[in-house]
Amino acid sequence: MVKITFFNLPENEMKKIFNGKVLFITGLFVASLVIFLGNKAVSWTSTDQFCASCHIHPHSTDSWKRSTHFDNKRGIYVHCVECHLPPHGEGHLWEKAKTGMRDLYGKWFKDPENLNWEAKSQIEYAKNHTFESSCIHCHENNYPLGLTQEGREAHLYYEEQQGDLHCINCHITVGHYDPDRLHEQNTAFGISEEVVAEVYTEPGMIDGFNDFTEYIPGSTVSFEMVAIPGGSFPMGSPPTEPFRDQDEGPVREVSVSSFFMGEAEVTWDEYLAFFKQTGAQGKTADAYLNTGKAEVDAISGPTPPWGAPDQGWGKGKLPAITMTHHAAEVYCRWLSRVTGKSYRLPTEAEWEYASRAGTTTPYFFEGDPGKFVRHGIIDRIFGVDTAVINSYVNYAENSALRTTRPANVKENPFGLVHTLGNVAELCSDWYAEDAYAQYPDGALIDPTGPESGQEYVIRGGSYRDGAENVRSASRSHTLTEQWLKTDPQIPKSIWWYSDCTHVGFRVVCEYNEHEIEE
Amino acid sequence: MGLSAKTSRRRFLENTAAIGAIGAIGAGQLVRACTSESKTGEVEEPVMLDKAPEGEPLKAGVVGCGGRGTGAAFNFLNAGPDVNITAAADLFQDRIDKFRQEMKEEKGVELDDANCFLGFDAYKRLLDTDVDVVILATPPYFRPDHFLACVEARKHVFMEKPVAVDPVGARSIMAASKQAEAAGLNVVTGTQRRHQRDYNNVLARVKAGMIGDIVASNVYWNQSKLWHREKQPDWTEMEYMIRDWVNWIWLSGDHIVEQHIHNIDVSNWFVGKAPVEAVGVGSRQRRVTGNCYDNFSVDFVYDREVHMHSMCRQINDCANEVAEQLRGSKGYTNCRNTVWDPDGNQLYAYEIPVDENDKPTVNNGYDQEHVDLVAAIRTGEQIVEAEETARTNLTAIMGRQAAYTGKKVTWEEMMGSGLKLGPEGELTMGPVDIKALVPVPGSAPE
């Protein structure tokens with residue numbers, strides 16, 4: 001037997017050392033193997049092919065291959081994980097693990113056919129899986145050689161916003177090509193579509209206090225107006241109503257005079273009639289700096305929008321969206337002029353009165369908001385019965401995150417459609433959280449809201465809201481600054497919100513008994 | 001980004017890294033510095049070179065060869081060894097001739113005929129020569145275009161204040177400044193107080209907390225009438241306006257921008273940011289030509305209700321003062337050389353060292369600007385001042401617009417304003433479609 005000795009140490013000591021070494025070497029080997037395999041696994045699961053093997057949503061690979069991050073002059077491919085995970089050292093592995101778990105869950109438990117890929121590619125969702133740190137990791141210099149004047153202004157603006165903007169707010173198509181998305185002034189918007197149909201020469205006639213059809217002279221567009229008989233109602237919601245917000249109270253007894261209201265939200269057909277007849281390029285809001293005058297001509301029209309205001313969802317009978325409160329008001333003035341009537345935005349009281357249509361329940365149809373909203377894991381897995389609300393309201397649960405046509409839902413008792421959901425509707429009132437408490441005591445007659453304010457009331461909730469926010473009493477308001485964040489024009493448009501796709505409006509036509517009798 | 005004298009972003013990052021390297025020892029202090037306004041009490045003495053170090057020879061071209069262009073060329077030649085002026089551009093032959101004569105007589109520098117250019121596009125041809133540095137000293141209306149062209153041609157720049165006359169121009173300078181920074185260029189602007197030892201020594205004390213937190217500032221440029229030119233029979237309207245430029249809003253930006261910018265800049269520099277809004281008054285009482293006002297009084301507001309009151313006037317036989325006053329919670333200072341406690345006891349005073357003949361033994365601010373520029377080019381310690389100067393410039397424009405309109409004007413409005421002054425289209429030596437209309441704020445009763 002050959003004995004191995006080191007430095008003449010006793011045998012048992014030697015054994016210890018020998019065992020220690022074996023243990024150490026084995027440990028080292030195992031650790032190396034784990035690291036090696038781990039790295040292999042990470043790189044194997046980080047290839048474009050691996051990503052594409054599960055990501056079966058339509059066109060993701062095709063649109064990537066047509067984008068500038070694949071198809072470019074420099075011969076550089078930018079791979080899935082280079083944008084959709086943060087850079088190494090900035091949470092890369094952690095995010096990869098999270099994404100991996102989410103994707104596995106999606107693959108095993110969800111049907112890709114039912115996923116709303118289009119919604120997920122909208123900027124606000126895309127921000128969740130496109131990492132700005134990854135953009136900056138490669139694009140280190142915001143002011144590269146050859147940058148255009150517009151680019152200089154835009155990047156300066158981006159830096160001034162201190163984190164409110166993501167690169168993809170403007171550069172959304174660089175990773176996945178989308179010919180329908182524009183980040184430029186859309187001068188062709190709404191003026192290229194020719195329709196062969198009768199051009200109305202006379203506006204609609206009001207024959208007493210009855211529903212009537214309005215015809216927009218000089219256009220092929222008509223729409224229905226519903227006579228809303230005046231009356232009294234409790235405005236706001238009781239503290240016991242599920243999901244009630246503070247600003248919905250105190251409940252006030254309000255009476256409103258008779259008026260006519262648009263059966264549906266103003267459609268693209270209607271709004272584009274205005275746009276075509278008045279649209280103008282090059283109007284600016286800060287003319288006062290040169291002239292000292294802030295007013296804009298009463299019937300001046302919108303400038304061309306930035307990008308596609310209809311979001312590529314289509315126009316026609318879909319509700320017009322993304323116009324500013326100012327634009328909606330100018331539309332009403334224009335409509336009044338071309339029809340010889342008195343159109344305007346509804347007051348908040350008129351809006352709620354018309355939407356409630358005699359009901360005092362959370363919705364104008366039967367149902368408890370508490371039952372339409374999913375609580376807890378059981379509801380999440382098995383769902384809740386939303387058949388009733390689905391038939392009346394286009395809201396987050398059934399909207400596929402986009403607007404829908406009036407014909408797709410049932411009307412309220414007054415015959416109005418989409419007061420709840422679809423698009424949130426601009427009112428003429430300034431918003432105040434305590435607006436109802438600000439009014440003097442006693443019954444209110446045709447209240448018009450606070451004297452002044454910063455933002456305007458919007459009502460009814462939209463296709464983005466859950467059942468809790470499409471109640472008749474729910475109140476919300478415009479967010480002017482936030483909704484103009486990515487408008488890179490200087491000055492920003494006074495006509496179009498660049499970052500708000502869920503707001504539209506409905507018109508009211510004043511009913512003047514004497515005038516109509518004459 | 002903060003407004004500090006000579007700390008470009010790159011240097012700031014290096015400094016931050018250095019602080020990081022100190023590590024645990026300085027950690028307590030670092031945390032304190034980050035979490036509150038409290039100052040450390042340690043004064044970081046400003047370091048200023050008397051001459052730029054030796055290095056590669058540098059050639060400079062001058063765009064705008066009037067008094068300041070000539071002065072700046074002299075300052076550049078004083079900056080250190082192996083610097084030269086090799087090209088010149090101007091609109092007027094007499095200006096170029098005088099410039100060349102003075103360069104020859106005073107500095108022994110002779111310019112080639114082939115390197116002297118005339119006309120509105122002369123700067124472009126000057127950029128095609130082999131200059132390394134460009135000195136921009138035309139009326140400020142031209143600056144944004146000139147500066148951008150220099151940056152795109154990868155030239156180091158010294159440019160006079162102001163750098164723009166309108167918000168569009170100021171933002172163009174900001175963006176081009178960032179381009180210059182990214183391209184490794186060096187840019188010094190003519191806000192020379194930032195290169196004076198006296199101001200920098202006081203700033204070091206203010207930063208160390210000698211006057212506590214800054215609560216208010218007053219800045220003044222009240223002086224007698226500046227100059228004007230009478231129109232000559234052989235001058236076109238364009239030539240007349242440009243030769244009379246300080247009196248025309250579109251060329252000078254008015255005197256609150258053109259001259260008072262220095263004092264507003266000191267306040268912004270010491271406070272460390274630009275104001276968020278302004279309300280002001282101003283009028284035209286005695287000015288002879290053009291359409292500028294001759295007095296402004298503007299209340300600027302930094303955030304947290306810290307106000308800067310600014311006053312400027314160019315009228316004979318009135319109280320004159322060119323100064324800055326900064327008040328803090330523990331004292332006050334004239335920013336230039338002295339610090340007092342709240343009771344008026346002197347806490348610190350800086351005296352410019354002089355020789356036996358009472359001549360300063362250190363550079364004045366004008367020379368120091370060019371020492372700092374050439375040193376930056378030769379040492380690689382980058383310096384880019386254009387963005388901060390543009391921010392002060394836009395501050396002054398905000399004050400001007402507040403006075404012109406009578407309205408409150410905000411920084412945000414300025415950052416989004418499409419206001420661009422000057423004639424439409426390409427400039428030519430002919431008639432100018434700009435009337436001598438003086439802005440009138442508000443409205444009169446019907």
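Predicted model: local features only at pLDDT ≥ 70, side-chain atom pairs only at ≥ 80, totals over all residues.
Local features require pLDDT of at least 70 and side-chain atom pairs pLDDT 80 or more, whereas totals for chains, interfaces and linings use all residues. Residues are numbered from 1 along each chain as its sequence is written, chains are lettered from A in the order in which they are written, and side-chain values use heavy atoms, without hydrogens and water.

**Exercise 1.** Determine how Trp313(A) and Tyr463(A) are arranged, and what their pair ties together.

*Solution.* Step 1: rings of Phe, Tyr and Trp (its six-membered ring) pair if their centres lie within 6.5 Å; planes under 30 degrees apart are stacked, over 60 edge-to-face, and the rest tilted. Trp313(A) and Tyr463(A) form an edge-to-face pair, with 5.6 Å centre to centre and 90° between the planes. Step 3: Trp313(A) lies in the loop between helix H11 (288-291) and helix H12 (325-339) and Tyr463(A) in the loop between strand E9 (456-459) and strand E10 (475-477) of chain A, so the pair ties together parts 150 residues apart in sequence. Helices (H or I, at least four residues) and strands (E, at least two) are DSSP runs, numbered from the N terminus.

**Exercise 2.** Classify Trp313(A) and Tyr463(A) as buried or exposed.

*Solution.* Step 1: buried means under 20% relative accessible area, exposed over 50%, and partly exposed in between (1.4 Å probe, protein chains only). Step 2: Trp313(A), at 9%, is buried; Tyr463(A), at 1%, is buried.

**Exercise 3.** Identify the ring over which the charged end of Arg243(B) sits.

*Solution.* Step 1: the criterion is CZ of Arg or NZ of Lys within 6 Å of the ring centre and within 35 degrees of the ring normal. Step 2: the ring is that of Phe92(B), with its centre 4.0 Å away.
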